[in-house]
Amino acid sequence: MSQAPTPASPASGTPPPRVARDFYADLMRASQTSRAGFLAERERWLRGVPVEGREELLFEFEMLLRAVERYLNLTTVVDAKDRPLVTRDFHEELVDVRDAMDRAIRVARNLQDPDSDQKMVFRKYVETQLADDRVRRALIEEELDQETPPESLFVLREALDALRNLLDHLLQLPTARLNLFQDVGKLALREIILNRYFRPFRPLEFRVEYDRLRSVRLLDTLGALGEEARTAFTTAFLGLFRLLHYLAYVDPENQPTPPRRVRVLLALVRSETHALAAWMHSDLSPRAGAKPLQAAALRAARDLARETERIGREVLAQVDREPDAAARAAGAFTTLLRAQVVALVEALAPNGGLNEGVFDGLVSPQDAALRLRKDLWVYAQLCRVAEGHLRNDDVPAAERALDAIKSFLTYFHDGGYQLLRYADYDAFDRFTALLVELPWPPEGPGIRARLAEDLRRFGQTLESTFHAVSRRTLLQGRGFDRQEAEALRDRFFPAPSAR
């Protein structure tokens with residue numbers, strides 16, 4: 001575990017520590033290039049969607065869009081076939097695409113706010129009833145401008161609905177030849193790529209909403225690396241866990257006959273595993289640092305590429321003939337990806353005490369909950385101390401306590417913050433932003449009184465989150481180790497007797 005910085009003393013003349021930034025959020029936004037503004041607006045919209053599990057629904061929706069995009073690429077669906085393209089019947093592939101689109105439409109409806117959805121449906125109906133072409137054209141252009149995420153989602157849903165209806169009729173034809181398959185692909189690709197807010201992520205492009213590393217061991221290991229190596233290995237782990245997230249949707253209910261969209265999802269897994277292996281070979285290895293880490297990156301790239309080829313050749317090629325082939329392929333990919341996660345962690349921390357091959361221990365939800373509970377308690381204690389000094393108008397002590405909070409945030413953002421649930425991020429982000437904007441030092445009784453009240457309110461948020469984590473089933477019977485928590489607190493703000 002990386003050591004926490006020692007808070008600077010105001011009396012020493014050293015500037016107060018910069019408020020920590022979320023390394024993972026910065027990395028993800030850097031991967032989004034010019035689309036960061038749209039995605040930030042979409043993130044704000046998502047936080048207001050009154051739907052349970054909204055971030056997971058959004059992940060599934062974008063995964064399905066990405067999978068359809070990849071599956072309609074000829075190189076994805078025909079490389080295991082031996083018939084000439086011009087004589088191929090693509091009927092089965094179109095059935096797969098139709099099922100994936102159907103599921104995407106249902107997920108989009110769940111994400112849409114009922115009130116705004118009804119308004120947009122009514123506006124669509126009005127378009128069909130207008131006799132004045134000028135007014136109808138203005139309504140259509142207004143809709144296609146996609147000025148807000150709900151409008152953008154509605155436009156994409158309507159397009160997928162039209163494509164699904166088209167496929168229903170095309171599938172009644174006796175055969176579906178190459179040109180038909182390609183034309184369906186062009187239409188679908190255009191609607192997906194031109195969408196403003198819900199264009200699916202590229203390979204190695206990540207989203208704050210659902211791409212998080214929730215392993216205590218992994219977060220601590222990455223936090224100990226230099227900046228370049230940390231960025232490179234974090235990208236690799238995010239890519240591996242993204243692929244494992246995909247695989248959770250391959251027959252999650254263990255149905256006797258998995259849905260047809262499973263083939264589309266497996267094509268996505270195969271395609272992006274290849275892309276990740278190529279990136280590890282060309283980008284991760286040169287940036288890994290020491291030669292043993294470079295070698296580990298090359299081994300991981302080689303194993304991913306070689307095993308993905310084998311799964312495609314020996315398992316995916318049998319999907320049409322063997323009912324259990326999809327489940328076997330998903331199991332083989334899961335084993336492969338987990339093995340690479342463990343291998344890279346062991347390369348980064350060879351003496352870290354991780355039992356060889358134990359993926360479940362690496363991502364233990366109980367360890368994550370214990371770490372988060374301890375961090376929340378310390379955070380609340382630091383806020384309470386700072387609030388008390390501000391209310392007592394002890395300015396030097398208050399400044400030391402605020403310095404301690406800022407120093408603690410570096411530790412917290414690299415660990416406990418990543419273990420929060422998505423719904424909790426907003427309150428934590430707002431308080432961090434408040435510290436960033438705070439005049440330093442906080443001068444004047446008015447500013448100090450407002451800050452004390454902000455600390456009190458956020459302290460209540462911390463305490464309620466602490467109790468919510470403590471009530472989790474996986475922590476039943478695990479008492480709170482107050483002595484360990486106090487030791488962590490004292491690393492940032494020692495008790496008076498220890499100073």
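A: Rolling a probe the size of a water molecule over the atoms shows where empty space is left. Here the largest cavity holds about 60 Å³ of space. A cavity is a set of points on a 1 Å grid over the protein atoms alone where a 1.4 Å probe fits but cannot get out. The points are joined across faces, edges and corners, and the volume is the space filled by probe spheres set on them. Searching the whole structure turns up one cavity of 30 Å³ or more.

Before we go on, this is a predicted model: local features need pLDDT of at least 70, side-chain atom pairs count only at pLDDT 80 or more, and totals for chains, interfaces and linings use all residues. Residues are numbered from 1 along each chain as its sequence is written, and side-chain values use heavy atoms, with hydrogens and water left out.

Q: Which residues line the largest cavity?

A: Lining residues have an atom within 4 Å of a point. Among them are Arg29, Gln32, Leu39, Arg207 and Glu209. Helix H2 (residues 36-47) gives the largest share, five residues. By type, the lining divides into four nonpolar, one polar and five charged. Ala, Val, Leu, Ile, Met, Phe, Trp, Tyr, Cys and Pro count as nonpolar, Asp, Glu, Lys and Arg as charged, and the others, Gly among them, as polar.

Q: How is a pocket read, and what volume does the largest pocket have?

A: A pocket is an open set of points with protein on both sides within 12 Å along at least five of seven lines. The largest pocket has a volume of about 720 Å³. Its lining has 24 residues, with Tyr210, Arg212, Leu213, Arg214 and His245 nearest the centre. Helices H3 (54-71), H11 (227-247) and H16 (365-391) each give two or more residues to that lining, and H11 gives the most, four. The lining splits into 13 nonpolar, two polar and nine charged residues.

Q: How many helices and strands are in the chain?

A: Both are DSSP runs numbered from the N terminus: helices are H or I with at least four residues, strands are E with at least two. This chain has 20 helices and zero strands.

Q: Is isoleucine 105 buried or exposed?

A: Buried means under 20% relative accessible area, exposed over 50%, and partly exposed in between (1.4 Å probe, protein chains only). Isoleucine 105 has a relative accessible area of 0%, so it is buried. Isoleucine 105 sits in helix H5 (residues 91-111). Leaving out residues up to four places away in sequence, isoleucine 105 touches Arg157, Leu160, Asp161 and Arg164; contact means heavy atoms within 4.5 Å. Across the chain, buried residues make up 50% of the 499 residues.

Q: What about the nonpolar core?

A: In soluble globular proteins, nonpolar side chains tend to be buried together. A nonpolar core is a set of buried Ala, Val, Leu, Ile, Met, Phe, Trp, Tyr and Cys residues joined through side-chain atoms within 4.5 Å. The largest one here has 146 residues, and those with the most contacts inside it include Phe61, Phe233 and Tyr379. Helix H14 (residues 325-348) supplies the largest share of this core, 13 residues.

Q: Where does aspartate 393 lie?

A: Aspartate 393 is in the loop between H16 and helix H17 (395-414). Aspartate 393 has a positive phi of about 60° although it is not a glycine. Its relative accessibility is 49%, so aspartate 393 counts as partly exposed.
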